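Have the viewer ready with selection by chain and residue number. This tour goes from ring pairs to a chain interface.

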Amino acid sequence: MSMKRTSISIVALLKVLGVVAVALALAACSPGGDSPQDLVKAFFRDIDNGTYSNIKSYLDSGADNYNQVNDDYWTSQFPGNSYEITSLSGSDPVDAEVTEGSTTGSYRFEFSGSEGNIFNDSDYKIKKITETSGSSDSIIFQ
Amino acid sequence: MKRPLRIIATAMLVALFAASCATVPVSQRDNRVEALLTELNTTDITRVMELSARPFLLDGEILTQERDLRAMWLNLRDVGFTFQSATIEELGPVDDTTYRQFGDTMDVRVWFDRYTAKDAGLARVSTTHGTFLIVTGDRQWRTPRIFGFTGPEEG
Amino acid sequence: MGITNRSHRTPSALVLAALLMSWSAATALAQDATVVYLEGEPELREAQGTTNWLDFGMSLRAGDSVVTGGRDFVEMEYGDASTIEVQPDTVFTIREVERGGERRTVMSNSAGAVKYRFNRLTGRHEPDIGTSSVVAGVRGTEVAVYAGGEGSSLFVVESGEVEVTAAGRTVSLTQDEAVEVPAGGPPGEKYSVIGREINHSDWNANRLDVFLEDPVEALEGVAARLEEYAVDAAEWYRNYLDAKEVSDAAFAQIGEIDDDEERQEYRNETWRPLAGQTGNAVLNYRYHALSALSLRRHALGSMYMEMKTRNILNPSDEYKEFRDRFAEIVDAFDSQADRYLEDTDI
């Protein structure tokens, strides 16, 4: 009896180890890449830090004016340097509420690309940014 | 030295020699660049075009169009120009300052930064028509490709 | 701290109205050009500077270029029923510019030839078309645009109307009419093409012969056009700086307003349109700078190649004169390039 119990527990242990191994393998293979909300966070981080050259890497290069926007453009649209995201909602589009100093701006970010899988990272890019704070929407980038 | 040790030492030397050979890319080997120049001098324009990268740098000008590149080689042939009696005086990798030898402009700086191959080489070649700087890189089988040239050097 | 001087923080109603009009134009949607047919191995040079093979179904948007080789051909559909045919050895680019408060699409070929067929029903969003030297307005048109290797342009109208304006002169073309425009100069006299077969290869060969007859004069034409682009880019750059000063002042003023609701309203209704205006000025100086780069690359570069290779063994006096003037023009271009251009533009 004791031998049988021992063999059962080894099998159970192997099963548990197998499950753990598969889980670990899946975790290792789970899709990487930035989510849309990550991109919005990165966008405002770069705006805040003045590292505008980073921004192009997560904009959709197919967007109109992609090659015409530059540092001058971003500083004109986001002149402050203390942007803080107070709320983020949605996955695509993502609505972001941002404070700069004592005022609030509301922005809608739309994306191209798709969620990744175990073989590929997600490849989301920002294809449109609209400021929705005012009485009419203002397109910042598209 | 004991025999096993001799064998191991010899094997290591052979491996080291092989490794050192492998680290010199085709585009930076004298005999392969000479082979490229020979082909540029003698082969038909179709083959010359295959051996030419685009965008191509002619002095400080970036040629992006196939038509311009073809016209360049045809014109050179028409006036009787080749890299005749070419002798490679220097050959080494392209570095961050190489662009200044072609022109100290934004165009040339960015061309070297973005459009040369990872194994880009720079050859100083003397010919009967003067001395030229030739940018090589990449390869077609065992022949490197030409990415640009400037010359003849003046003075 | 309260608002001490309301007029200080508020632009005049007239200026504000103009700015609002300008900013609202930025919301106009542009249309894509989609590849419906191709031959050979044409390339797509994307706005960020990367180059890929072009394929069926791909869309071109502002900033993108199609580059064809000697055996390539591309047909694209634009909007509902308009077509664009990119001929061999052509560089075709789509850009955007703001004109008179309206965001316009500009399609141009800095080398080679493009044939356009715009359906009149596509309406008010017909783009401007042209080369890196000259841009024309079209209306329900079938037109071919040829770019010469020395910067000249030829417009040939099969149907509809085209207005070609350059160096202060406008020529209106209708069916079976054509006009040639030298780089930096006004359009020539229009002429009838009835019974005349025009193809880009022959026309360009003819333009090359004309160029070789007096290369320095041809150089001056391109130099004049580059200078115009430089003046326009500089003007828009100054506009940008001025607009930014006003916009930044408005932005700073936001913090001076005590009342939360009023502060937010000022931000949204006063500062935001000013920021939009500033952004448009940036896009416009970039448009002119990028147009200049196209001309420098495809006309000036081509001219240099022709002269250099023909004179490599025995440089003629004419070549030396050309080379010296060429160096001056390139120096003038480069002295401003860093301000307006980025590495990815090259």
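Two rings of Phe, Tyr or Trp (its six-membered ring) count as a pair if their centres lie within 6.5 Å. The model is predicted. Over all chains, a search of the whole structure finds 37 aromatic pairs.

Select C:Tyr237 and C:Tyr240. Their ring centres are 5.7 Å apart, with the planes at 50 degrees, so this pair is tilted. Both residues sit in helix H4 of chain C, three residues apart, about one turn of the helix.

C:Tyr340 is buried, as is C:Tyr237.

Move to chain A. Select A:Phe43, A:Phe44, A:Tyr73, A:Trp74, A:Phe78, A:Tyr83, A:Tyr107, A:Phe109 and A:Phe141; they form one aromatic cluster.

Now show chains A and C together. Here 41 residues of chain C are in contact with 36 residues of chain A. The two chains bury about 3,100 Å² between them, 44% of it on carbon and sulfur atoms.

Which salt bridge do C:Glu342 and A:Lys56 make? Their side chains meet at 3.8 Å, N to O. The interface has three salt bridges by the rule. It also has 15 residue pairs in polar contact, both residues at pLDDT 80 or more.

Last, colour helix H5 (260–310) of chain C. H5(C) gives the most to the side that touches chain A, with 17 residues. That side of chain C divides into 17 nonpolar, 10 polar and 14 charged residues.

Terms used: Residues numbered from 1 in each chain as written. Chains lettered and ligands numbered in written order. Predicted model: local features only at pLDDT ≥ 70, side-chain atom pairs only at ≥ 80, totals over all residues. Heavy atoms only, no water. Contact = heavy atoms within 4.5 Å. Buried area = accessible area lost by both parts, 1.4 Å probe. Salt bridge = Lys/Arg side-chain N within 4 Å of Asp/Glu carboxyl O. Polar contact = N/O pair within 3.5 Å; in protein donor to acceptor, adjacent residues only side chain to side chain. Helix = DSSP H or I, 4+ residues; strand = E, 2+ residues; numbered from the N terminus. Nonpolar A, V, L, I, M, F, W, Y, C, P; charged D, E, K, R; others polar. Phe/Tyr/Trp six-rings, centres within 6.5 Å; stacked < 30°, edge-to-face > 60°. Buried < 20%, exposed > 50% of the residue type's maximum accessible area, 1.4 Å probe, protein only.
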